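Here are my notes for you to read alongside the model.

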Amino acid sequence: MKKVIKNTDKPVQIYRTISQIAFVLLCIWIGVEFHLFVKYLETGGVSGSPSRPPGVEGFLPISALMSVYYFLISGEIHSVHPSGFFILLAVIGVSLVFGKSFCSWICPVGFLSESLGDFGDKIWLRLFKRRLKIPRFLDYPLRSLKYLLLAFFVYAIFFTMTELALKVFLDSDYNKVADIKMYYFFAEISRFSLIVISVLFVLSIFIRNFWCRYLCPYGALLGILNFVSPTRIKREPLSCIDCGLCTKACPSFIKVDKVKTVISDECSSCMSCVDACPVKDTLFMSTVIRKKKINKITVALGIIMLFISITGIGMISGNWHNSISTPQYLHHIDNVKNLGHPTGVREIKELNEKSEERNLNEGKKISGK
Ligand code: SF4
Ligand code: SF4
């Protein structure tokens, strides 16, 4: 019989909840500030507030992905949504080091999804004495949906847009007011969008993490980073007593008690399994190469500090506030609802052609002078 040494490490779930709530409050604050900013523009500066919160750009992931690509090919940080660029770098940076941890420690949608899942679990456990789990034959194809969405965005941006077209898009009036358009999407939500959001909401109660697990392209990107991240959850089979508490605690339905190392695109480094393990030094996060155990508090602080540090670099380097002036916003506000964006690969190809044409014409004008 194995000698069991009790796990006396303090759980870190409380820190995770504090982090999630703090970021939710931050997003609410950004939402209120942005609402006042839009009111300021709508009333021509009569009421509301003239200060625009740059953090709103965290909700423009496609524009941020384009800015990252633009940076990679031009070496420049585009000035229209620079904080979106740094927030995306922070999300990627945190997930590169600590796996898909952004989803379970920082993302407000992840927090909402988790809370709905917890609520659903309670109902399900009371009624059927177990959590609802989608059967594998459905789970795998559904999980691939988010990768298809990600593949579409990556193909459309990285493989069909020329550098010139990318710059034309990033400089466009549409991109400049993409945050205001997003505001109107929610402030004047259509019946169809409301139905879709309500369906996702209800599904998330009964199917844990429905949006995150099956549809979120952000989650897909971070899930891929899980495979290159230098940290993993490890189980020590010699001291493991096969109690199965880790598997029971895992919100991603990973069979932690059956593996030595968790290698999964669905592991969000939430540390719930590590907290649940009753045996000392049996389940922990460790580095892949040196196989060194990482203290739970170090994981918690590492995730939060890394995210704050990368966004902080954006702030102190002067790349946080965008280059659009208040008079420019006031000029655009009446036309915001008429501005559209390219929605498919064909439109992007047309954008490429128009950009080339425009460039050629400008070149001719200069040489004609
Ligand atoms: S394996 Fe552990 S850390 Fe990963 S998602 Fe499951 S409970 Fe969280
Ligand atoms: S919680 Fe998991 S790793 Fe820990 S003893 Fe039980 S089965 Fe083993």
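1. Helices and strands are DSSP runs numbered from the N terminus, a helix (H or I) having at least four residues and a strand (E) at least two. An α-helix has 3.6 residues a turn, so residues three or four places apart point the same way.

2. The length of H5 (residues 108-128) agrees with expectation, because 21 residues at 1.5 Å a residue should span 30 Å and the end C-alpha atoms are 30 Å apart. The expected span is 1.5 Å times one less than the number of residues. Just after H5 comes Lys129, with a positive phi of about 65°.

3. A word on conventions. Residues are numbered from 1 along each chain as its sequence is written, while chains are lettered from A and ligands numbered from 1 in the order in which they are written. As this is a predicted model, local features need pLDDT of at least 70 and side-chain atom pairs count only at pLDDT 80 or more, whereas totals for chains, interfaces and linings use all residues.

4. On the whole chain: it has 17 helices and three strands. Its radius of gyration is 23 Å, close to the 21 Å that the globule rule gives for 369 residues, so the chain is as compact as a globular protein of that length. That radius is taken over C-alpha atoms, and the rule is 2.2 Å times the number of residues to the power 0.38. The C-alpha trace spans about 90 × 40 × 40 Å along its principal axes. Buried residues account for 34% of the 369. Of the contacts between residues at least 6 apart in sequence, 74% join residues at least 24 apart.

5. Glu33 lies in helix H1. It counts as partly exposed because it has 17 C-beta neighbours inside 10 Å. Beyond its neighbours within four places in sequence, Glu33 is in contact with Ser49, Ser51 and Pro53. H1 also turns up among the elements covering the buried residues of H9, together with helix H2 (61-74) and helix H8 (173-176). Those buried residues of H9 (residues 178-187) are Ala178, Asp179 and Ile180.

6. Next, the sheet. It is open, with three strands in the order E1-E2-E3 and antiparallel pairing. E1 and E3 stand at the edges with a single partner strand each, so one side of each is left without a neighbour in the sheet. Strands count as paired if DSSP finds at least two bridges between them. E1 (residues 231-235) and E2 (residues 283-287) share five bridges; Ile233 stands opposite Met285, and Lys234 has Phe284 as its bridge partner. E2 and E3 (residues 293-294) are joined by two bridges, and Ser286 is partnered with Lys293. In the hairpin of E2 and E3, with five residues between the strands, Lys291 takes a positive phi near 50°.

7. Which residues are closest to each ligand? For ligand 1 they are Cys250, Cys267, Cys270, Ser272 and Cys273, within a shell of 15 residues. For ligand 2, also surrounded by 15 residues, they are Cys240, Cys243, Cys246, Asp257 and Cys277. A residue is near a molecule if its C-beta atom, placed from the backbone, lies within 6 Å of it.

8. The shell of ligand 1 has eleven nonpolar, four polar and no charged residues; that of ligand 2 has ten nonpolar, two polar and three charged. Ala, Val, Leu, Ile, Met, Phe, Trp, Tyr, Cys and Pro count as nonpolar, Asp, Glu, Lys and Arg as charged, and the others, Gly among them, as polar.

9. Finally, please look at the loop between helix H13 (245-249) and helix H14 (272-276), where Phe253 is placed. Phe253 has a positive phi of about 60° although it is not a glycine, and it is partly exposed, with 16 other C-beta atoms within 10 Å. Met271 is found in the loop between H13 and H14 too, with phi near 70°. Met271 counts as buried because it has 26 C-beta neighbours inside 10 Å.

Terms used. A residue is buried if 20 or more other C-beta atoms lie within 10 Å of its own, exposed if 12 or fewer, and partly exposed in between; C-beta atoms are placed from the backbone. Two residues are in contact if their C-beta atoms, placed from the backbone, lie within 7 Å.
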